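Subject: Structure handover

Hi,

Here is the structure I said I would pass on.

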Amino acid sequence: MKVEKSVLLEKKRPLLKRLLSILTDSYEYVSILACDTVGKGYSISKSGIVVQEQQLFTDKGYVVKVYDGESYGEYSFNNITENNIDEIKEAVSESLMPWKDSLRE
C-alpha cells in the first residue's frame with residue numbers, strides 16, 4: 001500500500017521551517033514532530049465491504065521539543081499560521097521548567 005503525502009503538512013512546511021529557524025537561534029537542540037494521520041473503519045457483511053474514514057481516529061498536530069543546555073521543554077499545538085508563530089515561540093519558552101529560576105535564588 002502506497003502512503004500519500006499529506007496535503008496539510010506540505011502546506012505547513014514553510015511555516016514549520018521558519019519556526020525551526022527561529023527556535024534554533026535560541027536553543028541548542030530543536031525538533032518538530034508533525035503528524036497528519038487518518039483512521040479508517042472497515043465493515044464487512046454479506047452484501048460487501050465498506051471502508052470509510054473515521055473522524056475519531058485522526059491525529060493532526062505538532063510537538064516542538066527544545067533543549068537549552070540545562071533542561072528540556074515540549075509544547076504541542078494543532079495549528080500554525082503566520083500570525084501565531086510568535087505565540088508558539090513564547091509557549092515553547094514557557095515550557096522550559098518554569099521553576100528552574102527559583103532554584104538559583
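How many salt bridges does a search of the whole structure find? The search turns up 3, a salt bridge being a side-chain nitrogen of Lys or Arg within 4 Å of a carboxyl oxygen of Asp or Glu.

Before the details, some housekeeping. This is a predicted model, so local features need pLDDT of at least 70 and side-chain atom pairs count only at pLDDT 80 or more, while totals for chains, interfaces and linings use all residues. Residues are numbered from 1 along each chain as its sequence is written, and side-chain values use heavy atoms, with hydrogens and water left out.

Start with Arg13 and Glu10, whose closest N and O atoms are 2.8 Å apart. Both sit in helix H1 (residues 7–24), 3 residues apart, or about one turn of the helix. Helices (H or I, at least four residues) and strands (E, at least two) are DSSP runs, numbered from the N terminus. Arg13 is partly exposed at 41% relative accessible area, and Glu10 is partly exposed at 35%. For the cut-offs: buried is under 20% relative accessible area, exposed is over 50%, and partly exposed is in between (1.4 Å probe, protein chains only).

Next, Arg18 bridges to Glu82, with 2.5 Å between the closest N and O atoms. That pair links distant parts of the chain, 64 residues apart: Arg18 is in helix H1, and Glu82 is in the loop between strand E3 (72–77) and helix H2 (85–95). Arg18 counts as partly exposed at 37%, whereas Glu82 counts as exposed at 52%.

Then there is Asp36 with Lys60, at 2.7 Å from N to O. Asp36 is partly exposed at 22%, and so is Lys60, at 43%.

Asp36 turns up again in the largest pocket: of its 12 lining residues, Val3, Glu4, Asp36, Val38 and Lys40 lie nearest the centre. (A pocket is an open set of points on a 1 Å grid over the protein atoms alone where a 1.4 Å probe fits, with protein on both sides within 12 Å along at least five of seven lines; lining residues have an atom within 4 Å of a point.) E1 gives the largest share of the lining, 5 residues. The lining splits into 4 nonpolar, 2 polar and 6 charged residues, charged meaning Asp, Glu, Lys and Arg.

Cheers
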